[in-house]
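Hello,

Here is the structure we talked about. Please open it and keep it beside you as you read on.

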Amino acid sequence: MVLNKETAQKTAELLLQIKAIKLQPQKPFTWASGWKSPIYCDNRITLSYPMIRNYLREQMANQIEEIYGKPDAIAGVATGAIGIGMLVADYLNLPFCYVRPEPKKHGRQNQIEGHLAPNQKVVVVEDLISTGKSSLQAVDALREAGAQVKGMLAIFTYGFELSETNFEKAGVDLHTLSNYDNLIEQASQSNYISAQEAETLSSWRLDPANWG
C-alpha cells in the first residue's frame, strides 16, 4: 500500500532520473529467475546521490512513525536494504540490525547481524519487493529470534499479485513509498515512455513469468 500519492510520484521521478529504474520495453532485461522484463530496478544506486538518499530516508522514517509509531529497532534486509535501513535507523535514532538470506557458514553462524533483544518491536526496511520471498524469509528469521515484527516499508514494489498473496498469508503489513502504477503514470506524464510503451509495461505485470 502506498500512503502518500505525492511521495509516490516524487520517488518514481527520482528513481527514473538517476536510472535506479530502467524501462526498456523494446529491449527487455533477463532476471536471474529467467523472466523477461521491460523494467530493471536497482535502488542501491540511490545511495550514491546524497539529496535523493536523504529524501528517501526522511520519507521512510516519517512514514514508519505515522504507520507504526516509533519501533524499538529497524531491520534491513541484506544486501540491498542495509544502506537505506541504516540511514533510516540513524534518522530515527534507533538500533539497527540486518538479516542475511541464511546463516553464515562460519564464525557465530549469525543470520541476524547486530544486537536484537527479545520482544523488541521491529520495522523491516526493504529496497525492492518482487515476489516477496526473500523479504518474508527475513521476517521469519526475526520472528524466530523473538522480535515483534510490526510491518515492512520498502522503497518500491512491482505490485505482483503473487507478492500480495505471500504477504497476506504471512500476516505481514507492507507499505511502500512508490509502486509500479505510480511509476508508469509518472513516466508517461514526463514523456519518458510513449503511450504504446506504457501499454506494454502494463501488460507485463499481468503475467511476468510468460511475458515476451
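At 1.5 Å a residue, the twelve residues of α4 should span 16 Å, and the end C-alpha atoms of α4 are 17 Å apart, which agrees. Keep in mind that this is a predicted model.

Which residues of α4 are buried? They are Ser135, Leu136, Ala138, Val139, Ala141 and Leu142. Just after α4 comes Gly146, with a positive phi of about 95 degrees.

**How α4 meets α5**

Two packed helices are described by the angle between their axes and the distance between the axes. Here, α4 covers residues 133-144 and α5 covers residues 161-170. They pack at an angle of about 10 degrees, and their axes are 11 Å apart. Angles under 35 degrees count as roughly parallel, so α4 is roughly parallel to α5.

Which residues meet? From α4 come Ser135, Leu136 and Arg143. From α5 come Asn166, Phe167 and Ala170. By class, this contact of α4 with α5 has three nonpolar, two polar and one charged residues.

**A serine in α5**

Now look at Ser163, which sits in helix α5. Is Ser163 buried or exposed? The relative accessible area of Ser163 is 2%. Buried means under 20%, so Ser163 is buried. What does Ser163 touch, leaving aside its neighbours within four places in sequence? Ser163 is in contact with Ile129, Ser130, Thr131 and Gly132.

**Helix α7**

Move on to α7, residues 195-206. This helix has twelve residues. From its first C-alpha to its last, α7 reaches 17 Å, close to the 16 Å expected at 1.5 Å a residue.

Four names to find in α7 are Glu197, Ala198, Leu201 and Trp204, which are buried. They cover an arc of only 120 degrees around the axis, so they lie on the same side of α7. The face turned away from that buried side carries exposed residues: Ala195, Gln196, Glu199 and Leu206.

What covers the buried residues of α7? The cover includes the strands β1 (21-23), β3 (36-37) and β4 (39-41). Helix α6 (180-189) is part of the cover as well.

Best wishes

Conventions
Residues numbered from 1 in each chain as written. Predicted model: local features only at pLDDT ≥ 70, side-chain atom pairs only at ≥ 80, totals over all residues. Heavy atoms only, no water. Helix = DSSP H or I, 4+ residues; strand = E, 2+ residues; numbered from the N terminus. Expected span 1.5 Å × (residues − 1). Buried < 20%, exposed > 50% of the residue type's maximum accessible area, 1.4 Å probe, protein only. Arc of directions from axis to C-beta. Contact = heavy atoms within 4.5 Å. Axes fitted to C-alpha atoms, helices over the stretch in contact; angles between N-to-C directions. Parallel < 35°, antiparallel > 145°, perpendicular 65-115°, else oblique. Nonpolar A, V, L, I, M, F, W, Y, C, P; charged D, E, K, R; others polar.
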